[in-house]
Every structure is written in structure tokens, then in C-alpha cells.
Amino acid sequence: WRSLDDMLAGEALDAVDLMTPPHLHAEHCLAAAAAGVDVLCQKPLAPSAGQARQLIDAVGSRVRLMVHENWRFRPHYRQVRRWLDEGRLGELRSARLQTTSSGLLPDSNGQLPALLRQPLLATLPRMMVAEVLVHHLDIACWLAGPASVFEASMRRAVNQIVGESSAKIVLVCAGGARFEVIGDMASAQSLSSLRDQLALVGSKASITLRDTCLSIEGKTPIHEVVDLAADYSASYLGAIRHFVEALRDERPFEASVDAHLSVLQLVDDAYSAARDFDRPE
């Protein structure tokens, strides 16, 4: 099919998985809704929380809509969520989730690996937070509950991209704990692909993800080896499986549009809090 409209008109579809560029998400979600086809849409639903709310209201109850927020379906984060649900951590005292890569630094051929993989990154005026850390903000809220932006800083350190290459966002969780969310895609000490590090400190134990080791230290220590490549693939399968099973069983989506709206509001608030970016020389 040459267009989404042609496909919707020519096929009897149960659902669509929209993997189009972000600026087309609203248009394509509305087209699928008009055709009565349920939607799994890549993040973000729209460039801002306000526009996403308008889209959700326009879709209404005509079809079911889920955000393809696959990061939370990575098996090692599912394990962290299980430990939290079991009460192993206790009261959250502090948290830090950091992702780094050297993808925006020249490789041996003088090319930027991140842009070879995703050329779109070079054109985004809001890059590190809106495109990358949006995943980590979702993880932060999924693990720690509702939060607000306390402060944020960003830096444009790479001439080949329009937006920011690094950012730090400090969240305040409902219980008062600070949750730092940090990203840097021009880190000379990192691999070309993104690698997460997590540290949750609670009143009973601490949970860490360092390189390929996921650990909980406390009354009953546990140490697990993580296959990051396998978990990356499993996250996409997990998100799609959840979407299909929730449709089949008529149950709510875990990655709900309301949860996504909260994350998009954090994104907007982070940019508002960091009005002046450091620019490359």
C-alpha cells in the first residue's frame, strides 16, 4: 500500500502499529480511529502534552489507543518492578537513572553512529529529553509514582544536531524523594549504543543496575546477570504482546495514554525549567 489511507480502505484490519515519524502520529491516529481500527502508536503521541490531549480527546472512545512505550517492558526493569511490588526496597529515599552513549561522537570514519542509525535525530529541536529521556521519565514514574520537575539543565554540545545532546532532570516524587534522570549521547567513556545505569535507595534495601549486573542489596541480596541485547529485543515483543492481549481480554493498557500525558508534561516542564541551553563553540 502506498499510504495509510489506502491500507485502511483496502484491508479489514483489527489494529495498526504506527511507527511513522512523530509529526505524523496525530494525523495517522485520527485516520485509524475514523476507520474503527485500534492503535498502538510509537511515542510521543504529539510534540507536546497539550497537543497529545487534543489528539486523545479527538480519538475519544471510537477505538482503543496505546502508546508503544517499550522501555518499561525490558525484562530487567520488569524485575525491578516486581521487587518494588514485593516491598523489598521500603520507602524510596533517592533515585538516579542515567543513560549514556558515544553515539554523537565521531567514530574511526569520522561519522556519528547515532545519526547513521537514526538520521532524524539531527533535525529535532528537542532531542535528548523529548526523543530519548522520555523513556526514562516513563520508567521513573512507573517505578516511583507521580512526580514533578524540580530543576533541569540541558546542553547542546554537538554541532551536527539541532537539539540538546545532554540533559539532567531532577524530579520530586510524591513522597519527597529526589529522582535524577540524566542522559548524554556524547560521552567519550561510553559505547556507541545507549546504556542505562539505575540506582534506587530505599529504607530497607537498594537496587542497582550497573552494566550487565542487576542487584538488590538488603536483607536478602540478589545478583542477576542481564543480557542487554536480549532484553532490548524482548521489550518490543513485550509491548506488542501486551497490546494484543489487552485487546483480546478487554483489559486496560499498562502504557496508558494518561500515563503518557503525565510524562509529556514532565518533558514540557523540563524544557521550561532549562530555558537557556549551552551552545557548542
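Reply: Happy to! Let's start with D231, which lies in helix α7, a helix covering residues 228-249. Please keep in mind that this is a predicted model. D231 is buried but has no salt bridge: the nearest side chain of opposite charge belongs to R74, and it is 7.6 Å away, whereas a salt bridge needs the charged atoms within 4 Å. What D231 does have is a polar contact of 2.6 Å between its side chain and that of H76. Beyond its neighbours within four places in sequence, D231 is in contact with R74, P75, H76 and V226.

Now to the cysteines. The structure holds zero disulfides. For C29, the closest cysteine sulfur is in C41, and because the two sulfurs are 3.8 Å apart, they are too far for a bond. C29 counts as buried because its relative accessibility is 1%. C141 is in no disulfide either, as the nearest cysteine sulfur, in C173, is 7.7 Å away. C141 is also buried, with a relative accessible area of 18%.

The largest nonpolar core has 80 residues, and the members touching the most others are L45, V129 and L200. Helix α6 (residues 128-144) gives the most to this core, contributing 12 residues.

Terms used: Residues are numbered from 1 along each chain as its sequence is written. This is a predicted model: local features need pLDDT of at least 70, side-chain atom pairs count only at pLDDT 80 or more; totals for chains, interfaces and linings use all residues. Side-chain values use heavy atoms; hydrogens and water are left out. Helices (H or I, at least four residues) and strands (E, at least two) are DSSP runs, numbered from the N terminus. Buried means under 20% relative accessible area, exposed over 50%, partly exposed in between (1.4 Å probe, protein chains only). Lys and Arg count as positive and Asp and Glu as negative; His and the chain ends are not counted. A polar contact is a pair of N or O atoms within 3.5 Å; within protein, one must be able to donate a hydrogen and the other to accept it, and residues adjacent in sequence count only if both atoms are side-chain atoms. Contact means heavy atoms within 4.5 Å. A disulfide is a pair of cysteine sulfur atoms within 2.5 Å. A nonpolar core is a set of buried Ala, Val, Leu, Ile, Met, Phe, Trp, Tyr and Cys residues joined through side-chain atoms within 4.5 Å.
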